[in-house]
Amino acid sequence: MYKAVRNILVSTALLLACTAGQAQQQPTADASLWWKHAVLYEIYPRSFQDSNGDGVGDLNGIAERLGYLQKLGVDAIWIAPMYPSPQVDFGYDISDYENVDPQYGTLGDFAKLESTARQKHIRIVLDMVLNHTSDKHRWFVESAGSRMNAKADWYVWNDGIPASTPGLRPIQSKNAHTGGKGSVVPPNNWESYFGGSAWEWSPVREQFYYHKFYKQQPDLNWRNPAVEAAMFATMRFWLDRGVAGFRLDAIPTLFEDPQLRNEGETGGVNAQGDPNLDDSRTNSLPEVHDVIRRMRAMVASYPGDRVLIGETYLPNTAELDKWYGGPAHDELQLPMDMLLGFSNKLDAATFRKFISEAGTQLHGSQPLFVFDNHDNTRSIDRYAPASATAMERDKIGKLLAAVLLTTKSTALLYQGEELGMVTSIPTRREDVKDPIGITGWPKEKGRDGERTPMQWTAGPQAGFSSDPNTWLPIPASYKTANAASESHEPGSQLTWYERLIALRRAMPALHNGTLTMLDEKNPDVLSYVRTVPGQPSVFVALNFSSTTKTVTLDLNAAGVTGKPVKTLLTDDASLVPAATISLTPYASWIGITQ
Ligand code: NOJ
């Protein structure tokens, strides 16, 4: 295996001298668990592959492309919600948790996809939206029907407070309604992430209901044990159908302050024009951890090391550690580390800090780095300086991939990241599909830009669909950035990803080795070594600057006793063997001891 990989790599003898750093990662227990060294791949089903010519992707389309994913080296796919949904939030408003939306297929199609994927050793992770349902879900329809029904308390309902209450915030007074108790407003200043008050008036119940996201996404009341039981039952429904785990949507927002206290204003307004709030009463409340511990136990009752992945945007590594359960390791196996991948600073010191923290401050838990998803501008557009040339952008994309795939992290890719797909933001409001882009235009243009169809070929509709009216337009970049062309180009992003993933699999040091930072004071070059006893060590050096930099890596100080080092993989064609490595702008270099 190791030999086969070496054959495809540049092989350049180097003798290096390096400076070893102090920060050594803690060993991870149970290295045999599949998700600890997996490559996970997010699929946004609307935009992956359309198999029936309606301009929207579907499950059979995913099945058609499993060969591509297998060749890339993907271990598991996370499929964004494909359940029945009114599609207000493109699937994140679920109206039936135990079925497939007809535009994506059927339960039978899911079963076929699962079994074909299994044959190709690709696991399926489903998106599980626990914070809210669609307002068309039968639970909410029943709950909203009266104040006295079996599900009356399944959502977060409130009578509101008199509109004459002193000290109301504008977001409350703008939302006054008259019912049997006179004119009332929401009980506090809480805002929806998608703009406006988080409280929506129900004329039938003469009450407000709470929604952290769109008003069509009412929040469930997780203080009601029946809600937990019902949601765990839906998770079992899919676990019984063989899914390898769940990505838990918006998991930190499950609970709200029972006293309904106002959130603090932090100054300024957001893209939707509302005051910025500190999120302190509606996010990361301690009660959520009890739910997660019970969920972990429930999922662990199934065989096969099923996994819980969290959508966890958090302020720092100490907060991230709590979502693993800290030293107890009894909550999520893989809460996403968004600190590195959304720092948006192409800066060696920032990367060094977050990689080191993930290795030393998580009680030995396994980090999950993420650079891209369907909610954010693509990473290449966040990390490449505006002045970067096309060639520099190409190298920056490769550098980010090298970080993702050579550090001690489970890796999560988002479809198209491996092709160098760029964000394609709509230029006219009337073209926008994501509701926040319509209400927030022009300041907030929504998330359509990172959701455009997958670019498979240089042919019609980039090979995504036979329908010229694809649900979002095909970006012009598809002519050059597409899977078919890139698969034949040795210097393409796709080839780079394939090689990195193959290396990660073949090299024991990358698979499970310790990571030690090198040359830690260097402001421009991030370098580290991965080691495992009795196996070749793997060195990585990445130039974060726009000028050529030379690094001297001290093998002895790295504990590698001065053995010769060879180049395994680099995107720097000019790199020549020497006692030091000279890296051209944004170059990546990976080498091993012999
Ligand atoms: C996070 C999802 O990734 C996003 O697309 C969605 O709008 C919100 N959660 C609400 O479910």
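Phenylalanine 90 is found in the loop between strand 4 (76–79) and helix 4. Its phi is near 45 degrees, a positive value in a residue other than glycine. At 8% relative accessibility, phenylalanine 90 counts as buried; the term means under 20% relative accessible area, with exposed over 50% and partly exposed in between (1.4 Å probe, protein chains only). This is a predicted model, in which local features need pLDDT of at least 70 and side-chain atom pairs count only at pLDDT 80 or more, while totals for chains, interfaces and linings use all residues. Residues are numbered from 1 along each chain as its sequence is written, and side-chain values use heavy atoms, with hydrogens and water left out. Helices (H or I, at least four residues) and strands (E, at least two) are DSSP runs, numbered from the N terminus.

**Other backbone features**

- Leucine 260 also has a positive phi in a residue other than glycine, near 55 degrees.
- Leucine 260 lies in the loop between strand 12 and strand 13 (265–269).
- Tryptophan 441 and proline 442 are joined by a cis peptide bond, with omega about 0 degrees.
- Proline 442 sits in the loop between helix 14 (435–439) and helix 15 (483–486).

**Helix 7**

- Helix 7 (residues 225–239) has 15 residues and reaches 21 Å from first C-alpha to last. That is close to the 21 Å expected at 1.5 Å a residue, where the expected span is 1.5 Å times one less than the number of residues.
- At the start of helix 7, a side-chain oxygen of asparagine 224 comes to within 2.9 Å of the backbone nitrogen of alanine 226.
- Buried residues of helix 7 include Val227, Met231, Phe232, Phe237 and Trp238.
- Their cover includes helix 4 (107–119), strand 5 (123–129), helix 5 (138–145), strand 12 (245–249), helix 8 (287–300) and strand 15 (307–310).

**Helix 11**

- Helix 11 (residues 348–360) has 13 residues, which should span 18 Å at 1.5 Å a residue; its end C-alpha atoms are 18 Å apart, in agreement.
- The helix is mostly covered, with 10 of its 13 residues buried.
- Among the buried residues of helix 11 are Arg352 and Glu357, along with Phe351, Phe354 and Ile355.

**Helix 13 against helix 16**

- Helix 13 (residues 390–406) and helix 16 (residues 493–506) pack at about 20 degrees, with axes 10 Å apart. Axes are lines fitted to C-alpha atoms, for helices over the stretch in contact, and angles run from 0 to 180 degrees between N-to-C directions.
- The two helices are therefore roughly parallel to each other; the cut-off is under 35 degrees, with over 145 roughly antiparallel, 65 to 115 roughly perpendicular and the rest oblique.
- On helix 13, the contact residues include Asp394, Lys398 and Leu405; on helix 16, they include Trp496, Tyr497 and Arg504. Contact means heavy atoms within 4.5 Å.

**Glutamate 287**

- Glutamate 287 lies in helix 8 and counts as partly exposed at 23% relative accessibility.
- Leaving aside neighbours within four places in sequence, glutamate 287 is in contact with Arg223 and Phe255.
- The side chains of glutamate 287 and arginine 223 are joined by a polar contact of 3.0 Å. A polar contact is a pair of N or O atoms within 3.5 Å; within protein, one must be able to donate a hydrogen and the other to accept it, and residues adjacent in sequence count only if both atoms are side-chain atoms.
- Methionine 454 is 167 residues from glutamate 287 along the chain, and their C-alpha atoms are separated by 39 Å.

**Threonine 567**

- Threonine 567 is found in strand 23 (residues 565–570).
- Threonine 567 counts as buried, at 3% relative accessibility.
- Its side chain makes a polar contact of 2.8 Å with the side chain of tryptophan 589.
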